[in-house]
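Please keep the sequence and the structure in view while reading.

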Amino acid sequence: MIDPHAPSPELDPVLDIARLQEIADLDLFAPEVSSILSELTFEACTKLGLPFGLVNVVLDEAQYVVAHHGIVGWIAEAQGTPLEWAFCRFAVRDRSEFVVENAQTDERVKDNPLVTEDGLRCYAGIPLITSRGHAIGSFCVAGSEPRSFDGLEMQILRTLTAEAIRRIERRRVTSAAT
């Protein structure tokens with residue numbers, strides 16, 4: 001499936017080699033990463049009243065679920081989605097918050113299988129930007145009903161995103177010291 005919203009490959013930040021190297025250097029696929037981030041996804045779901053919270057890493061061809069709360073079924077088993085299905089890719093590419101209040105009417109995602117097949121209706125994601133300046137993924141929440149996100153809710157999400165990055169970066173410092 002061709003994504004009409006995707007920038008050309010030579011300009012696509014998702015394909016940036018330094019960004020992909022940063023992901024590898026952070027060893028985000030280690031089992032302990034999920035345990036240090038999962039409580040934050042639970043907290044996001046609880047505070048925002050949504051069923052799904054995720055920390056996703058956006059790779060060059062797929063999105064990998066590093067930590068989550070509320071995700072079951074095939075996404076939990078596969079631990080991710082193809083890149084072209086990943087709402088988080090927009091946050092990474094634009095290095096900015098990406099919000100979808102009603103996925104069924106949003107031109108950017110309305111034909112996405114997560115919307116048409118899995119019933120995703122709302123999404124709010126904040127890019128995970130490391131101290132080295134790389135957008136490696138997104139901290140996000142999602143739900144099965146359309147809804148808006150007010151300023152306080154977005155601030156909660158920003159605060160949890162900052163804590164997720166702090167925990168990720170702390171792992172870098174710890175692993176570099178050993």
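How many helices and how many strands does the secondary structure of the chain contain? In this predicted model, the chain has six helices and six strands. Along the sequence, these elements follow the pattern α-α-β-β-α-β-α-β-α-β-β-α. The radius of gyration is 15 Å, close to the 16 Å that the globule rule gives for 178 residues, so the chain is as compact as a globular protein of that length. Taken along the principal axes, a box of roughly 50 × 40 × 30 Å holds the C-alpha atoms.

The interior and the surface may be considered next. Buried residues account for 49% of the 178 residues. Of the contacts between residues at least 6 apart in sequence, 61% join residues at least 24 apart. The chain exposes about 8600 Å², and carbon and sulfur atoms supply 55% of this area. The chain carries 16 positive and 27 negative charges, whose mean positions are 6 Å apart.

The cysteines form the last topic. A disulfide requires two cysteine sulfur atoms within 2.5 Å, and by this rule the count is zero. The sulfur of C140 lies 3.8 Å from the nearest cysteine sulfur, that of C88, and C140 is in no disulfide. For C122, the closest cysteine sulfur is in C45, at 11 Å, which is too far for a bond.

| Residue | Relative accessible area | State |
|---|---|---|
| C122 | 0% | buried |
| C140 | 2% | buried |

Definitions and conventions: Residues are numbered from 1 along each chain as its sequence is written. This is a predicted model: local features need pLDDT of at least 70, side-chain atom pairs count only at pLDDT 80 or more; totals for chains, interfaces and linings use all residues. Side-chain values use heavy atoms; hydrogens and water are left out. Helices (H or I, at least four residues) and strands (E, at least two) are DSSP runs, numbered from the N terminus. The radius of gyration is taken over C-alpha atoms; the globule rule is 2.2 Å times the number of residues to the power 0.38. Buried means under 20% relative accessible area, exposed over 50%, partly exposed in between (1.4 Å probe, protein chains only). Contact means heavy atoms within 4.5 Å. Accessible areas come from the Shrake-Rupley method with a 1.4 Å probe; for residues, only the protein chains shown count as cover. Lys and Arg count as positive and Asp and Glu as negative; His and the chain ends are not counted. The place of a charge is taken as NZ of Lys, CZ of Arg, CG of Asp or CD of Glu.
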